[in-house]
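Visitor: I am new to this structure and would like to be guided through it with a few questions.

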Amino acid sequence: PLFRSRTLDFYLLKPGDLLEYKDKLRPLKVRLMDETLKTFRVDDSHSVDQLVKTVCDRIGITNCEEFSLVCEDEELTPKKAAPPQVRDQKKMEALKKKLHTEDDGKYILINR
């Protein structure tokens, strides 16, 4: 927020700069694992970690530490890293099934 007691210089603004006011709450569309799409109003100033907790609380999930958000929009996701080293494919498939992982998911890191 801007405070009346501060000058524009304090906020690194100068006359003629464009200042946009945005709503603090915004809609966040979340696709769940069962492919349903839910929309939540979330605080735009919160970190991803706090957003995950908010979404989990509203859905009724108690162990939110085991969940993260995945970005589906190609423009917003970082480029993929170099392909991993050649590994035993059968062993990797068995591990994927056992651990329920998805290699091609685009995950947002929470603790950064």
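Visitor: Where is the place of Leu 2 relative to β1?
Guide: This is a predicted model, in which local features need pLDDT of at least 70, side-chain atom pairs count only at pLDDT 80 or more, and totals for chains, interfaces and linings use all residues. Residues are numbered from 1 along each chain as its sequence is written, and side-chain values use heavy atoms, with hydrogens and water left out. Strands are DSSP runs of E with at least two residues, and helices are runs of H or I with at least four, numbered from the N terminus. β1 spans 25-31, and Leu 2 lies in the segment before β1.

Visitor: Is Leu 2 buried or exposed, or in between?
Guide: With a 1.4 Å probe and protein chains only, buried means under 20% relative accessible area, exposed over 50%, and partly exposed in between. Because its relative accessibility is 40%, Leu 2 counts as partly exposed.

Visitor: In which order do the elements of the chain run?
Guide: The secondary structure of the chain consists of two helices and two strands. Read from the N terminus on, the order is β-β-α-α.
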